[in-house]
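Subject: Structure handover

Hello,

Here is the structure I promised to pass on, with my notes below it. Please have it open in your viewer as you read.

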Amino acid sequence: MKIHEYQGKEIFRRYKIAVPNGFVATTADDAATIYTKLGKPVSVVKAQIHAGGRGKGGGVKLAKSAAEATTLAKSILGMQLVTHQTGPQGQKVKTILIEEGSDILKEYYVGITLDRRISKPVMMASTEGGMDIEEVAAHSPEKILRETIEPALGLQRFQASRLAYGLGFAGDAAKQATTILLNLWNCYDGEDCSLIEINPLISTKDGKVLALDAKVNFDDNALYRHPEQPGLRDEAEEDALEVEASKFNLNYVRLDGHVGCMVNGAGLAMATMDIIKYAGSSPANFLDVGGGANVTTVTNGFKIILSDPNVKAIFVNIFGGIVRCDRIANGIIEAAKNVKITVPLVVRLAGTNAEEAKKILLDSGIKLDVADGLKDGAEKIVKAIGGK
Ligand code: GDP
Ligand code: MN
């Protein structure tokens, strides 16, 4: 789960990670009031959307007077901010953060995430701050310093100071940076994050080190341990269909192809997406209806898939292990009565009572095609939409 920068910074304050003073606003008048309250010659007006790259997209601007803060707030609030992470349609800005401006000496990157190869968290730090860290990783990987964190011990002070000195900090700034890195680990660990990034972490001309940006992602599987975290969710930032699917407890991820997929089990869903590609088309979604595929889940699955205007055909690929195929077949027929299926439908059922299920489907009078096996199904579905 993602949250906004201003929410991330509130959490940073609790963990004693230094951030600039600032307040959120939703109107241009509030922006002027905040500018005056901050009482600094320069303030920064920052669009609050979940995507990064706001600076380059025109969502981060400096204001040198209350009047300028008003003008900037007016132009940023309500804008459709396009960044390399939003896609061409952009994301509407509803909230802005107004912060006191910092006199930047240098920008750095620090972040923590799970290194799945070694099953341990890793802290990364780089002098190439303020930039796209993926670019740095691709073109100059030697500029990224790493410390593997022993989960039971946490980030050790010697590791934090090794990174701080490695980044070139010295004297009191090195002490401040070390403290921030240690507290960043406390935050990652304490809030059960899947990713936490400060990009940029900055040193200022008056000798301070602080977090100028905050990216905090929570591990969805640990939300139950943090009752306050779901309250930070901003559904307007998420794909509307994915939000809808999560209400039905469906694991749905929207993609940009044309074949809607309804599958049980994440592994089979991945294999289905692969074979659709192999057959010459692309999946419109990942959808795992879970182990207990029944009338309700199948109906909801059809509704979600058909709400996507890109979908030109639907491939149902379900393995009847715990749930027998004949029951799933009846579920599909029931669901097809509830939802008007307007596109070609190919069904592949494998497992217990698969033959019986095939007969039920073919006798149902519903316009569909049954497939023998994964490959046959993928070929039939791609043919149904004319190859693409
Ligand atoms: P992002 O582009 O979405 O990652 O937004 P950031 O919060 O990282 O801001 C982008 C860039 O704006 C930073 O890398 C800084 O160069 C610049 N910036 C942000 N706040 C300030 C500030 O207080 N003073 C100055 N001079 N630049 C700032
Ligand atoms: Mn940033």
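First, a term for the ligand notes: a polar contact is a pair of N or O atoms within 3.5 Å; within protein, one atom must be able to donate a hydrogen and the other to accept it, and residues adjacent in sequence count only if both atoms are side-chain atoms. With that in hand, an oxygen atom of ligand 1 is 3.1 Å from a side-chain N or O atom of D213. E107 also takes part, placing a polar side-chain atom 2.6 Å from a ligand 1 oxygen, and S102 has a backbone N or O atom 2.8 Å from an oxygen of the ligand.

Some housekeeping: this is a predicted model, so local features need pLDDT of at least 70 and side-chain atom pairs count only at pLDDT 80 or more, while totals for chains, interfaces and linings use all residues. Residues are numbered from 1 along each chain as its sequence is written, chains are lettered from A and ligands numbered from 1 in the order in which they are written, and side-chain values use heavy atoms, with hydrogens and water left out.

**Ligand 1**

On its own, ligand 1 exposes 560 Å², of which the protein buries 79% (Shrake-Rupley areas with a 1.4 Å probe; for residues, only the protein chains shown count as cover). Around ligand 1 there are 17 residues, and K46, R54, G55, S102 and E107 come nearest (a residue is near if one of its heavy atoms lies within 4 Å). This shell consists of 6 nonpolar, 7 polar and 4 charged residues. Here Ala, Val, Leu, Ile, Met, Phe, Trp, Tyr, Cys and Pro count as nonpolar, Asp, Glu, Lys and Arg as charged, and the others, Gly among them, as polar.

Both domain 1 (1-19 + 104-238) and domain 2 (21-101) give at least three residues to the shell; the bounds come from an automatic or database domain assignment.

N199 sits in strand β10 and D213 in the loop between β11 (209-211) and β12 (215-218), so the pair ties together parts 14 residues apart in sequence. Helices (H or I, at least four residues) and strands (E, at least two) are DSSP runs, numbered from the N terminus. N199 is buried at 18% relative accessibility, and D213 is buried with a relative accessible area of 18%. Buried means under 20%, exposed over 50%, and partly exposed in between (1.4 Å probe, protein chains only).

Strand β12 holds K215, which is partly exposed at 26%.

**The whole protein**

The protein has 13 helices and 18 strands, and 50% of its 388 residues count as buried. Its C-alpha trace spans about 80 × 50 × 40 Å along the principal axes. A further domain, domain 3, covers 239-384, and the C-alpha centres of domain 2 and domain 3 are 44 Å apart.

Two helices to look at: α1 (residues 5-14) is mostly covered, with 7 of its 10 residues buried, including Y6, I11 and F12. Helix α10 (residues 295-306) contains T299, which is buried at 6% relative accessibility.

Best wishes
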